[in-house]
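Hello,

Here is the structure I said I would pass on. My notes follow below it.

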Amino acid sequence: MAKGKVLRIRKEVPTTWEEARQQFLWWKQGDGISETTLNDYRYHIGQFFKRYPQAYNPKNLKKCVLEYMSQDMKPATYNIRLEYLNAFFKWCVQEGIFPENPLAGKKKRKDEGRVVNLDVETLKQLLTLPDRKTFAGLRDYALFLLTMDTGIRPKEAFSLLLDDFNFKALQVTIRRETAKTRVSRTLPISPATANAVRELIAARHPSWKDNVPVFCTVEGMPLNRNSWGYRFKMYSRKLGVKVRPYDLRHAFAILYLRSGGLELSLQKTLGHTTLAMTRRYANLVESDLRRIHAEASPLNTILPKKARVVKVRG
């Protein structure tokens, strides 16, 4: 080799998009992201390349991506595609697979989000439905109360262990490794919630070890999105109202604000990374202001009430 000449070692790039995806997932796994998020990356990257197999070629990539992202879809769907594919293509550029990221600079669409406002009577009726003479009924009732009391995400609740509850302090801790945002948080719980969870724990099978989640199946297996969703469908039929697991989180947030809770404390309780996400609930609550103002304005007391004119029939 000539003096002063730098030897450049060419990177070997994956030959297929499947190989590239797998290497990307290993890379993300090293960042400590959850298994659920890994599966989401796997799905969305695969969905794109299965529809556009020719896209794993720098000459075709941009055209395929622009066509894929221009399809008619809801803002939430667009934003999800953008988030997962943008991260993957950015990594591909770093690895020398593609010369540029076709989604660089693309912004998310404005998404108002879906917020379900369940009335208090529906929530009260829901609490009467679980058969608390059975383990499954005790579990459902306790999980209903915990979600209405704290706004915990379903998946975070499924991962709770015995040691995560502090009944003396009336607290529950969502560990960093199970929190969606990978930031732990400790939430206060009401005595009614604590009593329901204690009753559920007392009904556990004696052979179950401490690593069996508090909210598990009758076989001691962890609950998941499908099994919990099935239970909600059953309760929805009895209620005559469609209720989904996340609806209880929404109900908590709305009732929390209506009861005088502050936005910042709600943000920390829900585990939102930005206040903008919490504002969705605040905006809905603000629609109550006109009615509240009409009923509670001090002028109702200060100013004399106007006499109503009664028409006299001739």
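Please keep in mind that this is a predicted model. I will start with helix α5.

Helix α5 itself spans residues 120–127, and its buried residues are T122, L123 and L126. They sit on the same side of α5, because the arc they cover around the axis is only 100°. At the N-terminal end, α5 is capped by D119. The cap has a side-chain oxygen of D119 at 3.1 Å from the backbone nitrogen of E121.

Next, the stretch ahead of α1. V13 lies in the segment before that helix, which covers 17–29. Which residues does V13 touch, apart from its neighbours within four places in sequence? The contacts are with E95, G96 and I97. For E95, the separation along the chain is 82 residues, while the C-alpha atoms of V13 and E95 are 7.2 Å apart. V13 has a relative accessibility of 36%, so it counts as partly exposed; buried would require under 20%, and exposed over 50%.

Last, the surface around α14. L299, I302 and L303 make up a nonpolar patch there, and together they have about 310 Å² of accessible area. L303 belongs to the segment that follows α14 (299–302). With 47% relative accessibility, L303 is also classed as partly exposed.

Regards

Terms used: Residues numbered from 1 in each chain as written. Predicted model: local features only at pLDDT ≥ 70, side-chain atom pairs only at ≥ 80, totals over all residues. Heavy atoms only, no water. Buried < 20%, exposed > 50% of the residue type's maximum accessible area, 1.4 Å probe, protein only. Helix = DSSP H or I, 4+ residues; strand = E, 2+ residues; numbered from the N terminus. Arc of directions from axis to C-beta. Polar contact = N/O pair within 3.5 Å; in protein donor to acceptor, adjacent residues only side chain to side chain. Patch = residues over 30% accessible without salt bridge, like charges linked within 9 Å, V, L, I, M, F, W, Y side chains within 5 Å. Areas by Shrake-Rupley, 256 points an atom, 1.4 Å probe, with all protein chains shown as cover. Salt bridge = Lys/Arg side-chain N within 4 Å of Asp/Glu carboxyl O. Contact = heavy atoms within 4.5 Å.
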